[in-house]
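Here's a quick walk through some helix and strand packing. Have a look at the model first.

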Amino acid sequence: MDELVIDVAGLNKRFGDKHVVRDLGLQVRKGEIYGFLGPNGSGKTTSIRMLCGLLTPDSGSGTCLGLDVLKDSAAIKRQVGYMTQKFSLWDDLSIVENLDFVARMFGMADRREAVDRAIDELGLGGRRKQLAGTLSGGWKQRLALASCLLHRPRLLLLDEPTAGVDPKARRDFWEEIHRLSASGITILVSTHYMDEAERCHRLAYIAYGNLLASGTADEVVANCQLNTWEIAGDGIHGLAGRLRQLPGADLVASFGTTLHVSGTDRPRLAASLQALQKDTGLVVTPVAPSLEDAFIHLMQHTADPLGN
Amino acid sequence: MARFSFSRWLGILIKEFIQLRRDRLTFGMIVGIPIIQLMLFGFAINSDPKHLPTAVVMADPGPFSRAWVAAMRNSDYFTIVGSVDERQAAALLDRSEVQFVVTFPPGFNRDLVRGKPPTLLVEADATDPMATGGAISVLNKLGAEVFAPDLPGLRPPAQPLVDLRIHRRYNPEGVTAYNIVPGLMGVILTMTMVLMTGLAMTRERERGTFENLLATPATPLEVMTGKIVPYILIGLIQVTLILLAARWIFDVPMHGNLLLLYGVVLVFICANLTLGITFSSIARNQLQAMQMTFFFFLPSMLLSGFMFPFRGMPEWAQAVGNVLPLTHFLVLVRGILLKGNGIDMLWAQIWPILAFMTGVLTIGLKTFRRTLD
Ligand SMILES: Nc1ncnc2c1ncn2[C@@H]1O[C@H](COP(=O)(O)OP(=O)(O)OP(=O)(O)O)[C@@H](O)[C@H]1O
Ligand SMILES: [Mg+2]
């Protein structure tokens, strides 16, 4: 289980004078579902493109499926299924034509069967002749996923595969991902959804080109050394602003009918909250920080050097 | 570079055909452009080229024939390339190496002294009537100027000294359509072929589908040639349309071998497609590809001998023109249609096109970006 499918270090990418990815190092094990998170513009798509040879890193080294990411990109492409963030199948080809084309590009011997099976699994049998451009957003995503699975890749690179997909399809999608992972396929998936992050075996959090945290969800949370309290009771709606002013409060976030207040300086924040509890009569209980608390904390504590 | 895969190549080909079939606008262009241009180019632009290459067949060397040749040279309209025999002269004319052949018959000097106007045979390559018009009218005036000082007493007023016979070869009536229509074939092919393939790759880039294509193992050569082939077919359809119009609307004679013509057309189409696909891989978006196409199209129109007679252009312009495939294609098409030239006479015009194509394809494959950088 410890075979590394992705093992890169020191990857850098600049666009003009924008340093988009800085010294990125990633280790992804075989059969693992690896979540890739980070705010917009943090360099996720750029990193994924470098892994599958669509962008040449300015510097760095490493292997992908045991092949050199800098030299063997042609061989890597053959074994990788890459799903782009933006729909990039051909709008003016039908569903079956798109799949057939992709299958031909990968030189599949059992092309017809593979395409038919993919269409059946999608449940698009009745619409196989529909032009891809006329599908709804969610269906486009599902078609794109089917197309990158077609050639049975050993590694899947999925760039926000569930953006705009309905909850049922999202669940189906994640079940499929776990099934693929169980069969030994490695999956790197970028996402902005916390529930999806929690379904990954391990995570990496990248912001403004820097890898800030990686590990299992629990490790990521623990490494932030956050202390979180949940605040419940009447009148918490107008309270967020006041909570932020509290000495020791780094981060305040609403969770439905409760608020989460977190900070790294435990005694200081505890003292502040005790005073608040006396003052207002709200219920203050210490809770385990969630992944979201951890991410928001990470995001707040990195300045954006790119200014975007 | 990875091995060329025929099945991948076929896949790209099929995809291009399907996309082309669904693209109504392009389809309209394929049929519309030849027809509209054919109709628009009913007019001709005049010009007065000089220094036209001329061969002399000298059957009677003597003072007067020499004076005549000197006068032709002095007129600036003729550049005498040499003295040859009749057979060589005919070949030179056929291969478009000379514009005129002037034949001095036996007894030319003697007849002139006796006051009996000798025949002077001038054969002109009239495939492009504009190119020969000025020179021929100068020839008509030449007689009086050459001989007046030497033979003052012998000249009966108002009677020509020399019986000038002008044979307009290949296009006896000097019909401009004979020249324009084959020329238009080249111009239309240049424009549509370069433009359509020019857009082929940039379109993928603009729509984002290029990323998907790049993520597959397809190689640059497979992608480029796979995208070219459907347009070859389109080019052949256009040529057929133009030939039909040439035959049935403009009555252009067709002396040569049509199969040979199609062969030449194929080479020319490939050269243009290669250029288009190369533009396509250099340009960042469709607009840039379009601009590059027009940047190439203008000199092709102006410097190839389509708009203005090639031999009337300054040397630097001829040098530029000689690089352009259209220049050679025009000579080839006129040669085949109007002169009935065979393959042996065409080679000199075919290899420059092939050289152009090879050069451009090399650049294209070098600049094809396998990444999104
Ligand atoms: N081809 C390019 N040329 C110039 N800058 C680019 C290019 N591609 C990406 N960038 C810049 O690189 C930075 C990172 O972009 P990237 O697409 O990798 O972010 P991301 O993490 O995928 O964001 P999102 O969550 O919005 O998809 C952005 O600032 C973007 O503007
Ligand atoms: Mg992205």
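## The sheet in chain A

Start with A:Ser254, which stands opposite A:Leu259 in β13(A). Strand β13 (residues 258-263) of chain A pairs with β12(A) in the antiparallel sense over 5 bridges; two strands pair if DSSP finds at least two bridges between them. Helices here (H or I, at least four residues) and strands (E, at least two) are DSSP runs, numbered from the N terminus.

Zooming out, the open sheet has 4 strands in the order β12-β13-β11-β14 (chain A), with antiparallel pairing. β12 (251-255) and β14 (283-287) of chain A each have a single partner strand, so one side of each is left without a neighbour in the sheet.

## Where the numbers come from

This is a predicted model: local features need pLDDT of at least 70, side-chain atom pairs count only at pLDDT 80 or more, and totals for chains, interfaces and linings use all residues. Residues are numbered from 1 along each chain as its sequence is written, chains are lettered from A and ligands numbered from 1 in the order written, and side-chain values use heavy atoms, leaving out hydrogens and water.

## A helix pair in chain B

Over in chain B, the axes of helix α10 (residues 258-282) and helix α13 (residues 325-339) come within 10 Å and cross at roughly 175°. Axes are lines fitted to C-alpha atoms, for helices over the stretch in contact, and angles run from 0 to 180 degrees between N-to-C directions. α10(B) and α13(B) are therefore roughly antiparallel (over 145 degrees).

B:Phe268 in α10(B) and B:Phe329 in α13(B) are among the residues that meet there (contact means heavy atoms within 4.5 Å).

Terms used. Angles under 35 degrees count as roughly parallel, over 145 as roughly antiparallel, 65 to 115 as roughly perpendicular and the rest as oblique.
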